[in-house]
Amino acid sequence: MQTRSHLNALFPLLLLGAATAADAQVQPELAQRYFDEATKLCERDAGRLWGVSLCGPLVIFDPRTGTRATSQPEPEGPPPRFPGFADGPVSWGGDRWFAIPLFLLPENDADVRQQLMLHGLFHRIQPELAFTQGNDDGFNEHLDTLEGRVWIQLEWRALRRAVEASGSDRAEAIVDALAFRRERRRLFPGAADNERRDEIREGLASYTGIAAWASSPDDAHRAAASALAGLAGSESPPPPLVGNFEAASGPAYGVLLDDLMPGWRRQLRSTSDLGDLLGSATNRPPTMDLAVAAARYDGAALRKAEEARDRAQQVRVTELRGRFVEGPVLTMPAVGSGTSNTNGSVGIPGIGTVFFGNFTLSAQWGRLNANNGVLRSADGTTLSVPVTVPLEATTLQGDGWSATMNTGWVVRPAARPGSFAVVRED
């Protein structure tokens, strides 16, 4: 299941709510200009990064007005279902396209717009490169905890220093970043594999967006530093990191590997870890004193800010626990395809993550649409929504959600009083 939306899209998404339908419509002339930009950049790359061309069919669509534009003539027959308020690959006319909502492409920022289109074109060829592993979501709920957030932000601060420096300063920053990464993974068993999955699936796409866009290594370094600064560069705590962290980590590790191990992309596999690759290219002893290293990145102030955020977060978690854990819910299998917006998501330790915004799932059992909270279990196998009235029939509704059942599936009472589960019909 796709569960990603670009962090950069948060403000355009909020502004879209006030836009008129005419403003949001896809204008063919504007879309063609965007397509031409993407074509020029992917032709310049000419397979340099991954050994195959990034060029391929794109569709820009608007989910509110239903308008769209395509980079090549539309295939005959009905169009596919586009991924709502997120971007993603779609199959159309026997080809793999990449679909991007118009609001994700800022008209006044060509650099970001072009990087996002190249990001998407990488996703289009990702299966061909074998950088996917079936259901490869990492389920990195630990990044919504106090310790998870502190150690990944320290890693990012060190990575930012590394991409902006050279010589011994860069070398020291790299081994600091890798030490913070090891400590986080020591604290959270399973984090290494979960994070690796997201860095390969989404981090490589973010890296490709920057590397194929950049006219020089200096451009790539500045863009990677900007991606890190967007999440770890302010004094106030950044927004939720689950589903967003790889957009900062991927470009940073990629441009550093370009510097220190130019052939790294040929060695890369779906099971690779970007941190391990960078560590193998660094001829320097590992950082041993984490306290001294953290002080180089203002670690005390970072922890203080995160502790304040965590206290406020616990109040929110208590409320959500009442809705999604202690109260009655409808639970359904999570396997399928769909979209979600990670902005504003909240983790419930040991339980899972609650996603808000426009959440969709198309699955074997049916379809879910929700905009007021969906709990994804920590292992990624189930979704739950609150139940306020008894559920019957095949079209179900609740507080901010609706579900439609396919033939062969039914809703049965669950063990918790007032709860239900979607199961196969006997």
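# Close-up views of a predicted model

**View 1. Arg309 and Asp144 form a salt bridge.** In this predicted model, the side chains of Arg309 and Asp144 meet in a salt bridge, with 3.3 Å from N to O; a salt bridge is a side-chain nitrogen of Lys or Arg within 4 Å of a carboxyl oxygen of Asp or Glu. Arg309 belongs to helix α13 (residues 299-326) and Asp144 to the loop between α4 (110-129) and α5 (146-164), so the pair ties together parts that are 165 residues apart in sequence. Helices (H or I, at least four residues) and strands (E, at least two) are DSSP runs, numbered from the N terminus. Arg309 and Asp144 are both buried; buried means under 20% relative accessible area, exposed over 50%, and partly exposed in between, with a 1.4 Å probe and protein chains only. The whole structure holds 30 salt bridges.

Residues are numbered from 1 along each chain as its sequence is written. Local features need pLDDT of at least 70, side-chain atom pairs count only at pLDDT 80 or more, and totals for chains, interfaces and linings use all residues, while side-chain values use heavy atoms, with hydrogens and water left out.

**View 2. Glu199 and Arg181 meet in a salt bridge.** The N to O distance between these two side chains is 2.7 Å. Glu199 sits in helix α7 (residues 191-213) and Arg181 in helix α6 (residues 167-187), 18 residues apart, and the pair links distant parts of the chain. Both Glu199 and Arg181 are buried. A network of salt bridges links Glu155, Arg181, Arg184, Arg185, Glu195, Glu199 and Asp273.

**View 3. Asp169 forms a salt bridge with Arg161.** The closest N and O atoms of Asp169 and Arg161 are 3.7 Å apart. Asp169 is partly exposed, with a relative accessible area of 42%. Arg161 is also partly exposed, its relative accessible area being 24%.

**View 4. Four strands form an open sheet.** The order is β2-β1-β4-β3, and the pairing is mixed; two strands pair if DSSP finds at least two bridges between them. At the edges stand β2 (68-70) and β3 (88-92), each with a single partner strand, so one side of each is left without a neighbour in the sheet. From one strand to the next, the twist averages 30°. Strands β1 (residues 58-61) and β4 (residues 95-101) pair in the parallel sense over four bridges, and Ile60 stands opposite Ile100 in β4.

**View 5. Helices α3 and α4 lie across strands of the sheet**. Helix α3 (residues 28-45) lies across β1 and β2 and runs at about 145° to β1. Helix α4 lies across β1 and β4, at about 150° to β4. Axes are lines fitted to C-alpha atoms, for helices over the stretch in contact (heavy atoms within 4.5 Å), and angles run from 0 to 180 degrees between N-to-C directions.

**View 6. Strand β9 pairs with β7 and β10**. Strand β7 (residues 352-362) and β9 pair in the antiparallel sense over four bridges, and Phe355 has Val374 in β9 as its bridge partner. Strand β10 (residues 382-386) runs antiparallel to β9, joined to β9 by two bridges, with Arg376 opposite Leu383 in β10. The β9 and β10 strands form a hairpin with four residues between them, and Gly380 in the turn has a positive phi of about 75°. From β9 (residues 374-377), Val374 and Arg376 point one way and Leu375 and Ser377 the other way, and all are buried.
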